[in-house]
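Work through the exercises below with the model open. Try each task before you read its solution.

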Amino acid sequence: MRTERANDGGQAERRDLKVIVGAAIIRDGRVLACARSAPPEVAGMWEFPGGKVEPGEAETDALIRECAEELAVRVEIGDRVGRNVRMAHGRSVLKVYAARLLHGDQPQALEHSALRWLAADELDSVTWLPADAPIVAALRPLLKPT
């Protein structure tokens, strides 16, 4: 994704935004939340699994790769959830997609300190990372209340 902004001379300067993808993995009306283990300033806060899109990689392919690396699961990627969320002082953008587990896979906390399945009325029971928090409201209609 590219944006333009004016530099000190008033001329447009092009820069690339890094794209971060997240997976709202939904099973039985609940979404998977993952507790960060690092870095220290966000350890214990909750996020949707995912990560950076590598150059030349499709967003959905990156999300499939990230879910395999972080959770040891295979997923099918669905529709976008919520809006783009600007991160890192405007240098990157988070895009979250709905996803579902394939082949009965069970997520493992390979890079997180904990995993929880949350229903719509449980979404506020954890402290979400600031970038993930705006997605929570858009996610509620996709989940069943407990």
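**Exercise 1. Find which strand supplies the largest share of the lining of the largest pocket.**

Step 1. On a 1 Å grid over the protein atoms alone, a pocket is an open set of points where a 1.4 Å probe fits, with protein on both sides within 12 Å along at least five of seven lines; lining residues have an atom within 4 Å of a point. Strands (E, at least two residues) and helices (H or I, at least four) are DSSP runs, numbered from the N terminus.

Step 2. Note the source. This is a predicted model, where local features need pLDDT of at least 70 and side-chain atom pairs count only at pLDDT 80 or more, while totals for chains, interfaces and linings use all residues. Residues are numbered from 1 along each chain as its sequence is written, and side-chain values use heavy atoms, without hydrogens and water.

Step 3. List the contributors. At least two lining residues each come from β3 (18-27), β6 (50-52), α1 (59-71) and β8 (92-101).

Step 4. Pick the top one. β3 gives four residues, the largest share.

**Exercise 2. Describe the largest pocket by volume, centre and residue class.**

Step 1. Its volume is about 600 Å³; a volume is the space filled by probe spheres set on the points, which are joined across faces, edges and corners.

Step 2. Of its 25 lining residues, Ile20, Arg36, Glu47, Met87 and Leu129 are closest to the centre.

Step 3. Sort the lining: 11 residues are nonpolar, five polar and nine charged. Here Ala, Val, Leu, Ile, Met, Phe, Trp, Tyr, Cys and Pro count as nonpolar, Asp, Glu, Lys and Arg as charged, and the others, Gly among them, as polar.

**Exercise 3. Identify the partners of β8.**

Step 1. Two strands pair if DSSP finds at least two bridges between them. β3 runs parallel to β8, with eight bridges. Ile20 faces Leu94 of β8 in this pairing.

Step 2. β7 (residues 75-87) pairs with β8 in the antiparallel sense, over eight bridges. Met87 sits opposite Ser92 of β8.

Step 3. Check the turn. Four residues lie between the strands of the β7 and β8 hairpin, and Ala88 has a positive phi near 50°.

**Exercise 4. Why is β8 largely enclosed by the rest of the structure?**

Step 1. Buried means under 20% relative accessible area (1.4 Å probe, protein chains only).

Step 2. Count. Nine of the 10 residues of β8 are buried, so the strand is largely enclosed.

Technical notes
Buried means under 20% relative accessible area, exposed over 50%, partly exposed in between (1.4 Å probe, protein chains only).
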